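Please open the model in a viewer and follow the selections below in order.

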Amino acid sequence: MAEHDIPRATAKRLPIYYRYLKLLLDAGTTRVSSNELSDAVKFDAATIRRDFSYFGALGKRGYGYDVKALMTFFGEILNQDTLASVALVGVGNLGQALLNFNFHQSSNARISAAFDINEDIVNTIQAGVPVYSLDDLEKQISDQRIDVAILTVPAPVAQDLANRLAKAGVHGILNFTPLRLDVPSDVRVQNVDLTNELQTLLYFINNFGGAEA
Ligand code: ATP
C-alpha cells in the first residue's frame, strides 16, 4: 500500500508504535499481541489491529505480531535509516528549547540549521546547531536539502516566512505560532499551539474534573 493511502490518524500513531516496538526488541521480546501493545501505547486493541491491517501486517491468532518484522517494516515506512535535516526559524525562548530538545535521540529527524534576525545570535552555535542569518535561508535549505522547517517566530512574520520556506522547497512546516498559515498544496502544515493545548486541558479539568472525564 502506498504511504499516502494510510489514514492520517494511523500515520500519526506509527512513530509511537515504532518507539514501543524498539523497546520490546531491545528487551529481547520477539512477539507481542495487540492487547499487550494496547496496554503500553494506550490505543485500543481494535484500533491497533486496524492500523496494522493497512500495512498488510496481520497478527496470527495465538501468536500475535512478530516484533522484529513489524519494526523493520515500520522503520522503512518512517525512513528511520535516513536522518532528515530540519530547519528552525526563530531562535527565541521556544526555539532555544527545541534546539536543546534534540529530536534525533528518539526519531529520525534532527535540527541542522537555525535562522534568526537577531545579530547577537546570528553566526553563533546554539545547542550544537549553527544559527544563520535569515538572508541565508534559501541557500542553506537548498544546500542541506532541508525538507521540513519549524516555525518559532512572532506571529506577524510567520506567513512571510512560510512563503519563503515553501518557495525554497520545504514541504513540511511545524508551526508553533498561533497564526494559521496559507501554503501551496504541496506543503503540509502541522500546528502546535501550546497555549491552546494548555487552555483546553484547563477547560476540561475545570469543567469535568480529572481522569474520569
Ligand atoms: P518565544 O518564546 O515565542 O520564542 P521570544 O520572546 O523568545 O518568544 P519572539 O519575539 O517570539 O521571542 O521571537 C522569537 C525569535 O524569532 C526571536 O529570536 C526573534 O529574534 C526571531 N525573529 C523575529 N522576527 C524574525 C524574522 N522575521 N525572521 C526570523 N526570526 C525572527
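Helices (H or I, at least four residues) and strands (E, at least two) are DSSP runs, numbered from the N terminus. The model is predicted: local features need pLDDT of at least 70, side-chain atom pairs count only at pLDDT 80 or more, and totals for chains, interfaces and linings use all residues. Residues are numbered from 1 along each chain as its sequence is written.

Beyond its neighbours within four places in sequence, G90 contacts G95, D116, L151, T152 and V153 (contact: C-beta atoms, placed from the backbone, within 7 Å).

Next, select V91, in the loop between β3 and α5. V91 is buried, with 24 other C-beta atoms within 10 Å. With neighbours within four places in sequence left aside, its contacts include L99, A114 and D116.

Now display strand β3 (residues 84-89). Six bridges join β3 to β4, and the two run parallel (strands pair if DSSP finds at least two bridges between them). Here V89 stands opposite F115 in β4. Four bridges join β3 to the parallel strand β7 (residues 148-151), where A149 stands opposite A87.

Finally, select the ligand. Of the 17 residues around the ligand, G90, G92, N93, L94 and N118 come nearest (a residue is near if its C-beta atom, placed from the backbone, lies within 6 Å). The largest share of this shell, three residues, comes from α5.

Notes: Contact = placed C-beta atoms within 7 Å. Buried ≥ 20, exposed ≤ 12 C-beta atoms within 10 Å, placed from the backbone.
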